[in-house]
Amino acid sequence: MPRTQVNKAHKTRFSSKSTRNAHKAPKIEKGRISKAQRNVVKGARAARLQHNKKTRDEKRTSLLKEKKASGGSCSPPSVIVLYGLSGDADLSSLARDLQTLSGADGATYSGNAIAFPAFRLRASVLQAPHGDLLSCMEMAKIADLILFVVSANSVCHGGEDGPIDSFGSQSLSVLRALGLPSTAVMIRDLPDDTKKKQELKKLCSSFLSPELPEDCKIFAGNTQDELRKFMWLFKEQHLSSPHWRTQRPYLISHEIDVEPDVGDSGKCSLILSGYVRTHSYSVNQLVHISGAGDFQLSKIEVLKDQFPLNERSKPDSMDSDGSHQREVICTLLPDPIKAEPLLVENVPDPLAGEQTWPTEAEMAEADATNREKKSTKMKKRTIPRGTSDYQAAWITSDTDDDDDGCSGEDLETSDIEDEGMMLDAEDNGFRSDDSDLDEDPIISKDVDDETEADMMAADDENWTAEQMKEEMQKLRAEHAEDEEFPDEVETPFDIPAKKRFAKYRGLKSFRTSTWDPKESLPQEYARTFGFDNFQRTHKHALASVLERDQKGIDECAPVGSYVKLHVKLVPRDIVSRVCRQSERLPVVISGLLPHESKMSVLHFSIKKSDSYEAPIKSKEPLIFQVGFRHFVARPIFSSDDMNCDKHKMERFLHAGRFSVASVYAPISFPPLPLIVLKHREGLNPEVAAFGSLRSVNPDRITLKKIVLSGYPQRVSKLKASVRFMFHNPDDVRWFKPVELWTKCGRRGRIKETLGTHGAMKCLFNGVVQQHDTVCMSLYKRVYPKWPENLYSLPDSSN
């Protein structure tokens, strides 16, 4: 056997720098240095171990505290939502089997809690109706655990969809966008044979694993022993919930009562009973009833627990028959000073913009400013009469030498004629001193707003099926044209272009040109609210919630207490609608953060759903599901330009990419998920888009761009005669200051008009090809449509 040489491993790779240099020190100092270093290392290691032990103890203590709070007798009952992924899943039989575990026969599942004394657990078991997407979404918002129920028969019989049908796959995508809480899967109808049972369970797992979270556990639920095992694991499981739900207190109604108001015959008080969840409830804060609106509280009654975990603590049957006989621990009344006012819209002062007589100091300051301007020698610029300094910044000077490559000898330096125009007008964009825009109110109206759905929204109820089909075909044609020729608009023959596009203006640069966000705002903007610092306001709002949790029961209803919320001044039609809703699913009443009842301009990041094929037009009425809120809005869509303060409007929501949807809506603080639904007459609403809340900013500028196009008739080097962009010489002179561009990359301007049919002579910074197209870009600011009925949602019970 040959002898193999084995070399000793080199140890310097694992040694420190001080250890490698220790042989250089004298023997006297070596022992002292090494001893000191050893002590330092031992002390640092001991400190590190002590710090790690302290961190582990703190985490263990907080986990035990959270576990006791979530599973103890003082915690609200956990909400288990039985969710069938296919029509074969029998939810009623599973609910009855769970009822037998509690030992309480005849218990109802309409939201009331069920006590499981053997498991030291209270739970509310709800059944999500298969096929009703709105009800399923409302139940998923309040679920602590979503138990997906699957029937093994759907796998045994070889169905096309397997254990998940089309509605199940659609609802899964909606739930993922909404934010999933803790989830589990229960497989029913398994055979008794152990081998077949395991095979079917593995087969169902292979179907469900790609669609569900990784930590989702799968249980068999045929026998009582399997259900007991599930309940024990559910009790020990750490339940997670979406982040947006943990920022606000909410209550799930167990009972609803109505008290008529003496003062106002058209309104009454709505009384909702239930457990306080997530955070403490203050009687001074505003509340939101899902699908109804925002209201104030008249009082909060903290009652004795009506569904205790121990049998001995349960109230007597005679006491439980009438709500007036229930024991009231304390009553919280609002403080007139601390109570938040129910302020929805801002009330503008009509005299806020009126001019007042200046004071002597202001007149002296104005005289000094005028003398300073006269003494300063500046280059003379010819601008239209009555133009302000801000408007003058829009005007492109025609006296610049060789601008955009044009030769200086061909540029005109003469004064602008009386028929000239300006790139920014005080009211309607392009305007001159002698313009007659107000002569014909029909023409002066902004007829370019073809995206408005006013007429369609008002008349589509009386349309026949053929008319609806024709309108859909027309909409699809417009959508295809918008994708192929975006922003291109034809100049009309019967209306002058300066009247037709009176609200538009030209921009030298879309990214760098100035646009005042406070200029010429519509009347609806006076009804909205804005923030000086939105992030700081959001931080203070969240801090106020944590501050309420620290207060005692004298000021706030603590988490886990059973309370009665008296909501005052609720219209009778809303009360009747809420009572009808409570027959199908529990009503959710959530607490609002400060300022969340006020109207503003909200911007959502939105993406069209892959399953929705119909075009979605701007300013079309849509149903917005935002957290606990759902309302009707008419958004405008715009691009998301990161390095620009202006954003281009999109006439349609295009598939495959994110856009920004801007709406008038009550203020909400992110993060909040968004699900957009499209109402269909006689059918359930269809999911149209997904997204999330991005910001609340009324100053975000959305510009609608149009492109007027013309074609070169004669070309001579840098000069070209262009026709078909305008149809009369007045329009050519009106749009003369606006820059031109071609599809081949040339830039130029209008030099003069030619003939009497709108032809014009243009100069460019390069040779123009005969087949090129000359374009002019015009912009105007657009706004979303104000919702007339914010919470006028269709009644899904019909």
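How close do the axes of α4 and α6 come, and at what angle do they cross? In this predicted model, the two axes come within 11 Å and cross at roughly 40°. On the α4 side, the contact is made by L133, C136, M137, A140 and K141. Their partners in α6 are F167, Q170, S171, V174, L175 and L178.

| Helix | Residues | Length | C-alpha end to end | Expected span |
|---|---|---|---|---|
| α6 | 166-178 | 13 residues | 19 Å | 18 Å |

In α6, the buried residues are F167, G168, S171, L172, V174, L175 and L178. They lie on the same side of α6, because the arc they cover around the axis is only 165°. An α-helix has 3.6 residues a turn, so residues three or four places apart point the same way. The cover over the buried residues of α6 includes the helix α4 (133-142). Strands also contribute, among them β1 (78-84), β4 (145-151), β24 (673-680) and β25 (683-696). Just after α6, G179 has a positive phi of about 110°.

In α8, E226, L227, F230, M231 and F234 are buried. Their arc around the axis is only 140°, which puts them on the same side of α8. D225 and K229, on the other side of α8, are exposed.

Conventions: Residues numbered from 1 in each chain as written. Predicted model: local features only at pLDDT ≥ 70, side-chain atom pairs only at ≥ 80, totals over all residues. Heavy atoms only, no water. Buried < 20%, exposed > 50% of the residue type's maximum accessible area, 1.4 Å probe, protein only. Helix = DSSP H or I, 4+ residues; strand = E, 2+ residues; numbered from the N terminus. Arc of directions from axis to C-beta. Expected span 1.5 Å × (residues − 1). Contact = heavy atoms within 4.5 Å. Axes fitted to C-alpha atoms, helices over the stretch in contact; angles between N-to-C directions.
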